[in-house]
Amino acid sequence: MATPPPDRRPIVISGPSGVGKGTLYNLLFQRYPDTFVLSVSHTTRAPRDGEQDGVHYHFVPMKDFEDLIAGDGFVEHATFGGNRYGTSKMTIAEQAKKGKVVLLDIEMEGVKQIKNSNIEARYIFISPPSLEVLESRLRGRGTENEQSIQKRLAQATNELNYSQVPHVHDKIIVNADLEKAYKELEKYIYQPLSG
């Protein structure tokens with residue numbers, strides 16, 4: 001059984017689309033399968049090929065999503081690319097009860113909302129080495145049209161600017177080399193508690 005990190009607060013990972021957040025935290029899940037769990041977000045968008053309901057997202061109709069908002073069921077929610085995304089309070093509470101360290105993959109507006117909530121969390125921002133590298137990664141996916149790529153790059157610029165605001169993120173990791181970035185992530189998560 002892997003040793004849990006000394007700090008059990010949820011971990012909020014953010015960064016531009018295409019920066020490699022998922023690749024990094026999936027390495028963490030592979031190496032510590034009993035310790036970490038991804039908070040599965042709710043979304044109104046349709047599943048992509050290979051995506052499973054309850055695994056990648058909870059795919060819900062707009063009405064269900066709005067009912068959750070009305071019932072204060074989300075710790076954060078946002079609209080991106082015409083679709084809505086949200087993290088339910090219940091999901092975080094259920095996983096924490098099981099002794100798991102919950103990891104949230106959240107975009108910038110969601111980070112702002114969690115910062116204003118009563119959830120104690122640690123905030124990690126994954127940055128690309130440059131916007132040019134990010135654009136190349138987005139194009140390499142082959143899943144986005146030109147308009148979508150331009151929208152994601154504009155959003156990436158906003159997120160990179162926001163990452164420079166003091167005291168927003170506890171740690172910024174530049175994902176230029178995957179293994180090096182992963183080691184930095186793991187070291188930060190497992191650092192001893194100070195104080």
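E184 and K171 form a salt bridge, with their closest N and O atoms 3.3 Å apart. The pair joins distant parts of the chain, since E184 belongs to helix α7 (residues 178–189) and K171 to strand β9 (residues 171–174), 13 residues apart. A salt bridge here is a side-chain nitrogen of Lys or Arg within 4 Å of a carboxyl oxygen of Asp or Glu. Helices (H or I, at least four residues) and strands (E, at least two) are DSSP runs, numbered from the N terminus.

A quick word on the model: it is predicted, so local features need pLDDT of at least 70 and side-chain atom pairs count only at pLDDT 80 or more, while totals for chains, interfaces and linings use all residues. Residues are numbered from 1 along each chain as its sequence is written, and side-chain values use heavy atoms, leaving out hydrogens and water.

Back to the charges. Side chains of opposite charge can pair when their charged atoms come close. By the salt-bridge rule, the count comes to 13. Here are some of them:

| Pair | N to O distance |
|---|---|
| E184 and K171 | 3.3 Å |
| K112 and E109 | 3.4 Å |
| D7 and R122 | 3.6 Å |

Take D7 and R122. D7 sits in the segment before β1 (11–14) and R122 in strand β8 (residues 122–127), so this pair ties together parts that are 115 residues apart in sequence. Are these two buried or exposed? D7 is buried at 9% relative accessible area, and R122 is buried too, at 1%. Buried means under 20% relative accessible area, exposed over 50%, and partly exposed in between (1.4 Å probe, protein chains only). D7 and R122 also belong to a salt-bridge network with R9 and E120.

K112 and E109, on the other hand, both lie in helix α4, three residues apart, about one turn of the helix. K112 is partly exposed at 31%, and E109 is partly exposed at 35%.

Helix α4 (residues 108–115) also meets helix α6 (residues 146–163): their axes come within 10 Å and cross at roughly 35°. Axes are lines fitted to C-alpha atoms, for helices over the stretch in contact, with angles from 0 to 180 degrees between N-to-C directions. Which residues make the contact? On α4 they are M108, V111 and K112, and on α6 they are Q155, N158, E159 and Y162. Contact means heavy atoms within 4.5 Å.
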